[in-house]
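Here is a short tour to read alongside the model. Keep the viewer open and follow along chain by chain.

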Amino acid sequence: MKKTRRILGLFGNFDEATNAIYDIRASKIAGLSVDDVTLISPIEHPDVEEALGDRPVSVQYFTFCGGLFGLVGSWLWIASAQASFLVQPQGGKPVVTLVSNFVLSYEMMILGGVLSTLIGLLIGARLPSRPHTLYSEKVSLDQIGIILELEDTQIESAKNLFRNHRVLEIREEVMK
Amino acid sequence: MKETELHHDKDIREDLAWSQINSDIMKSLENPRRGFWYTVIGCLVLLAIGITAEVLQYMYGMGRSKNHPHMWNLYIATFIFWIGMSHSGTLLSAILHIVHADWRKPIYRFAEAMTTFSLMTALLFPVIHLGRLWNFYWVIPYVPARGTWPNFRSPLSWDGFAIMTYLTSSALFLYIGMLPDLAIARDNTTGWRKKLYSTLSLGWYGSDRQWRIFRKAYMLMAIFLIPLAVSVHSIVSSDFAMSIMPGWHVTTFPPYFVSGALYSGCAAIVTLFILLRYYFRWEEYMTLAILEKICKLTFAIAMVWTYLNLVEFASVWYGHDIYGKEVLWAKMTGAYAPVFWSMMFFGSVLPFTLAFRKLRRHIPTMMTVSILLNVGMWLERWMIISPTLSQSFYPWSWDVMWPTLTSWGIVLGSFGWFGLLFLTFVKIFPSVSMYEVKEMVYHRRLASEKAQAERRNTGGAQPAFSLSMRKEDGS
Amino acid sequence: MSLENLTQDWSRYRNGIEEGGFHNYEHRWGMAIDLNACIGCNACSTACYAENNLAVVGKERFSKGHYMHWMRIERYWDEDQAKAEFPDQGANFLPMLCQQCGAAPCEPVCPVAATYHTPDGLNAQVYNRCIGSRYCSNNCPYRVRYFNFWSYPESAWPAPLNLQLNPDITVRDKGVMEKCTFCVQRIRVAKDTAKMENRKIKDGEFTTACAQACPTSAIHFGDLMDAESAVTKLWAKHQVKRHDDEGLPVSTQHKQNPALRGYRVLEELNTDPSVMYLERVREELA
Amino acid sequence: MMNLKLKRREFLQLMGWSTAGATLAGCDLPTTVTLEEGKEEVVAYLSPEEYVIPGVGVWYASTCLQCAAGCGIHGRVREGRALKLEGNPDSPVNRGKLCQMGQSGVQTHYNPDRLSKPQLRKDGKLVDISWDEAWKVLDEKVGAAAKTSGARVAWFTGTVSGHQAALIGEHLDALGSRHHFVHEVINNAVGRAVNQDVLGEAMPRLALDQAKLVLSFGADFLGTWVSPTHFATEYAKFRSGTRGVLVVAEPKMSLTGANADLWLAVRPGTEGMLALGIAHALMQSGVSVPDAARPAVAAYAPVKAAEITGISAQRIEQVAALLKQHSPSLVLAGATVEGQEQGYQAASAVMLLNVMLGNVGQTIVSSGEFPFPQLRPRTGNTRDLVAFAAAAKDKALDVAFFYGTNPVYTAPASLGLAEGLQNIPFKVVLTQFPDETAAQADLVLPVASSLEDWGTHVAAYQPEQGVITFQQPLMEGLYPGTPGVGDALLKLLKMREAQKYGAFNDYFSYLQNAVASLPEQYKASGLTNKQLWEQTLQKGLLTVDSAPGSLKTNVGEITLHEVKADAEYPLHLIPSPRLGLWDGRHANIPWLQEAPDQISKVVWDSWAELHPSTAARLGVREGDVVEITSAHGAIKVKVYVFKGVHPDAIAVPLGQGHEGYGRYANGIGANPLKILSPAIEARTGELALYGTRVKATRTGVHEELVKEGRNNISQRSRKLVVTISAEQFRRTEGV
């Protein structure tokens, strides 16, 4: 069945939110799995994320590839620039100088790594985007939100589950 | 009495409400003390002096500030000084981030901003010191029109690469670390600020996915930044170490430069720490306990620097290279000897004030000391450059030179420039990381909870702390 | 840029290493300066001013070291006479100009490759490319690079003095580094003439302004690649060898006869200068 | 043919070729002379021809007039501009070499302070006038003087020779005047007198290259003495092969002294005693002494000479031994010897050494007599300056022409020349620049520079026999209308003797005719006059051989008095000449101002050289300003502490201290000539330039002395200049 609704519950502290997620994990609501849960929080919180389970992060591959590209690419670039700029033999030193190219490639590796990490971050975090439609400004203050994507039938049980965990506020919307 | 002292010893109070953190920090965007504006005016005046001097130098020529054989002096010395300044912010932030030192959290943001802005200031100097600065872009390896690339062998072009990499990376590091705070700012402001923060925060809303990737990406960047920062100052040192000049061609130069950089950076953090604490009434966040920690770190680095200094002298002394020895001897006894001994005093003796708890906690003393340490570091840069230029292989060309008014003007201008950039930053961006201070408070609270639980030695369920406990208490 | 091109250049570079140098030199201009003959009279320096459009800077700028003399005469006094009442052996004169080093420390440090090595073995400065970072001057152990601290074209040649300027070479503007070129404009003319006449350059066909002027003929200029040139013979006679002569490390001098007078200034720095000096001679009368 | 009907002798005199009684063959005079294109690199001058290719320089031969040595030059001309001067390899004087002053000829020529218009004094001020007016005024004034008393007209010049000298002579003859004063500060007039008396020839040839040892008493032959560039080329030969030894004795180290194997700091004014001391030592070792000189030699045993001169007896004996060992030798006396009140005697004592050592005939040889007396150089001296000052003071002159010298600058204040000039009603100054003398003039006539002018010159010192060097314009005049000196002279002559000189349009045609009428025996055979003219211009010189005579060795009696100490003025002032600014005439050349002094390396300034012990006594260090006071005035100069000067001496270089000599010279340093005493050399009447006593006092002012290499005088144990022994040199490279 199609998920048509989104619901946000705001909690006053992490324990309540964590417990709520554990409840969802324990299939208190039929047909709702932990994968449908999005947690939004003012700080990063490994405990809650533990409750959510493993969710793969792939930014390190970006970093690796970017670093490697920076290293190799800049080496080739500089070496070919030097080889085509033959006026450069200087100071009794060879055309393609290993030492300086090492230094430059090292820098370029870092630059490549950093830039690709940024790209990885933006892609992975789906940024830039608009904030979530259910986003509450209280999340950036001191509350923790749990967003669930639900079928119409699951709404009430979800609200009940939230209330069991002393939810402070509940918002909902219909997905387009 | 005893209690308050104890209280101050904490890096931060665990009972700070998160909402208060938001409002305290966000207030810095609105109403600083009057002293802040005086500082801005001061910076504007300095900048005006600098621009006047630069215009004169541009119109009439480098003769206004340079001499043969002193082809480099004040500008490059100040360049190294600003590069050095940029080292602590990002490098310390990255290292402390990796080792999960929580006390980094209230201070790293402005330290990173300091990095970025001092780099931007430093970047001016190689351009200002060019004889034909209007052609500075020839150093950039753009696709050449006539097959002329820059010279990849030149440490100066390495500088270009390294500094651009460092500037990009540290600016990104600063920006990425600020994303959640920009979201907070977006949520708490109106008008143009809201638009600005909305754009800059990229739509961050703090989902678990975002946080996971953010954590990893931030960590990866931090890891990159550590070798980068070290390499940048090593490369700056290779402007000298890769030359053949006595007094420059020294193997200990890279670590020596890095330690000097960290040293001046730490001292600058202390200065800015005190200023921001004062301007924005941030006693709760920039606590004396944290100040003490930075001071201790500064002291340690001062000792490393002192050691490397001595090692350099010793290695020259044992090396029997007459040229190197001559330069060393000239440093200690020649025309620049007063500068040398002031450097030794400020760099190696003065930091001992940091060893005393009473002094470390005395704000005016620390302000003075931190500025003097940076003066010492500035003198160190002068001592790196000038003695070698004044006395190298060729005795016929030996000459002593002191900076001219024009070059002093430009150096003053650079302080104005840096100051303006920094002051603008603190008015536009939260210069204390709100989300991380929240984390810090949270961690401390968990820790104290745990400690209380252990003290009570009971297995019963704990009353959950509310994140907004203090506010509730107050109401 | 094709791959072939790249590999060719690489192979040239590699072959260059085996031969002990990186260029296929046609010429290698060199000098021999006999300090036994030099009397320190300044004629060479003035000749250089006339030939190379060197700016006169005036007293105040001179005092700041803004002088532009590519060729300078240094004058030292004997160290062992420091305690004597009078200098009883006269002065030590040393004409110092760019040594056109084979392994020039100034070359690799220029960020824009404005100073480079020509296939003639000259250490050339491209004024148009120079951005004035002055790194080369910092790294020159001989301190023979001169920087245009001011805009001399505006001040150094009030009309009609400007009519004297040699049209064969430029007048350098402010912010540019300059130095001795071994009178490259004369080299050019000689090469072009020889090419037009389809012959090789003859030794002594031309010389630098300083060598031409020297009243005691202390300065000898010529092609070190030309086995018959006077300079080559002088170098050989005094057993001074270039880096590429035998693929030697620069500082290794295999003088069979250490009594011979040839030496190069600051040889121990491995800069491989193209200027050989012949030791000064004094009667031992003390 | 010229329409002129003149007797042959008269005609030859007109052309400068009059000789002592020789009969001459007839000659054909060309009416017009044209020049062909130059076939070689060196070509004759003409307005652009097809060999003038834009972008390619052409070299023309000419003569350097920066000093009186008469070096041949080649000037590079491109697009009508003279660019660079080099030595003329054909010239026996400089053999293709040129000193810094010679090379600076282009800056004399292009000097921004050159005058372009004649100036006339009106209401006490010099105002620009037209050339027509200038010639008219000149004609009137000289005409008036000629009518009353032509003998009251005088020429006051620097060293002149060739047809210029001939024309000046003609001009004075036409007026019936004998007043040709010739003045140079840097001269060897006393030495010439000694040569004349002892050797019978004023300026014999000195075979420096033949000498095994040169002993110079202050003769700075590498710097400022007689013909420096020539002697420098000879010096190179002297120092190669068996390598001669150079010993220099002088109170202040000159450029020659700076190249010595042994430098002796002799007490000022005692060089003659030192020479006699050496002669005594030689006598003791068996060298015979001419009878006339014996009492003088006997009086100065080395021990006594040592006492007087400050040179130890061992040194004196060592020098004597060296002289004996290295034969032939050459002993020279320079300005420091001659410029004393007993300069003639002292120089004679030096010449005695040459006679004793048998150098006459070996290293001192006859140069023969130059065949044309009219063209012979009128060598400058200071006797004429004294005489002129006296004549001016006595109101003995009505009109005075000044050319090639700047007496208002060079005359000691004690001569009262500047005041004396007020007594001359009409002073005409022919000059390129507004100088101190021109400032006093009634009429200033700008003349062409040496690179714009025609001329012939005969050097006072002829290294080979009889050479007339030719000067030709390298380019169009910078300031149209400005006449050459020869043209101006012709114009003056035409005013007096129109019929005689009317045939010559200009100096150029005069010279052409002169070459064409060169007596046949001096012409290379088989040349037409045209070819001769072209060849002469291409080579830049004309050789007129004359048989060398033989030298005498007439040593007379030598009487030297002791130099007394002066309590009030303890120091001897040494107004030392510099190769560069010379006597001050080159102070307006920026290259020479910026060229560091060879010894002190000071630029753009005057300085006072003081021995460290003297400086310590005065309590001054480098850069301190001292006031140097003589009985006749005072100057203020910065101190340069230097070991190469005798403790009893204070040396101030010549050349600076100009007040009206253009932007590069004005307001720099001080002029030591101003404070000289009017003491006269007893025999010759020359000014004793080195005989002034002074005292130095601290002023408390300190200014930086701008010089090169300011922080180092030693090599700091680097291998920059390496010195080996002459013995080793002779082993490895000796002949």
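Which residue of E27(D) does Arg282(C) stand opposite? It is Ser725(D). Please keep in mind throughout that this is a predicted model.

**Where chains C and D meet**

That pair belongs to a strand pairing that crosses from one chain to the other: strand E11 of chain C, residues 280-282, runs parallel to E27(D), and 3 bridges join them. The contact as a whole draws on 61 residues of chain C and 68 residues of chain D. On the chain D side, the elements that contribute two or more residues include strand E27 (723-725) and helix H23 (726-733), along with strand E4 (81-87) and helix H7 (228-239). By residue type, that side of chain D splits into 33 nonpolar, 18 polar and 17 charged residues.

**The domains of chain D**

| Domain of chain D | Residues |
|---|---|
| Domain 1 | 119-184 + 380-446 |
| Domain 2 | 205-365 |
| Domain 3 | 571-702 |

Taken over C-alpha atoms, the centres of domain 1 and domain 2 of chain D are 40 Å apart.

**A sheet in chain C**

Now turn to chain C, where 4 strands make an open sheet with mixed pairing, in the order E8-E1-E10-E9. Strands E8 (219-223) and E9 (262-263) of chain C are the edge strands; each has a single partner strand, so one side of each has no neighbour in the sheet. Helix H9 of chain C, residues 230-237, lies across E1, E8, E9 and E10 (275-278) of that chain, and runs at about 105 degrees to E8(C).

**How confident is the model in chain B?**

Chain B has a mean pLDDT of 86, with 93% of its residues at 70 or more. Among the elements of this chain, helix H12 (residues 337-349) has the highest mean pLDDT, 93, while helix H17 (residues 469-474) has the lowest, 40. Two stretches call for care. Residues 1-7 of chain B stay under 50 in pLDDT, and the model gives them 0 contacts beyond four places in sequence. Residues 460-464 of chain B are also below 50, with 4 contacts in the model beyond near neighbours in sequence. Where pLDDT is low, the predicted coordinates should not be read in detail.

Technical notes:
Residues are numbered from 1 along each chain as its sequence is written. Chains are lettered from A and ligands numbered from 1 in the order in which they are written. This is a predicted model: local features need pLDDT of at least 70, side-chain atom pairs count only at pLDDT 80 or more; totals for chains, interfaces and linings use all residues. Domain bounds come from an automatic or database domain assignment. Two residues are in contact if their C-beta atoms, placed from the backbone, lie within 7 Å. Ala, Val, Leu, Ile, Met, Phe, Trp, Tyr, Cys and Pro count as nonpolar, Asp, Glu, Lys and Arg as charged, and the others, Gly among them, as polar. Two strands pair if DSSP finds at least two bridges between them. Axes are lines fitted to C-alpha atoms, for helices over the stretch in contact, and angles run from 0 to 180 degrees between N-to-C directions. pLDDT is the predictor's confidence in each residue, from 0 to 100.
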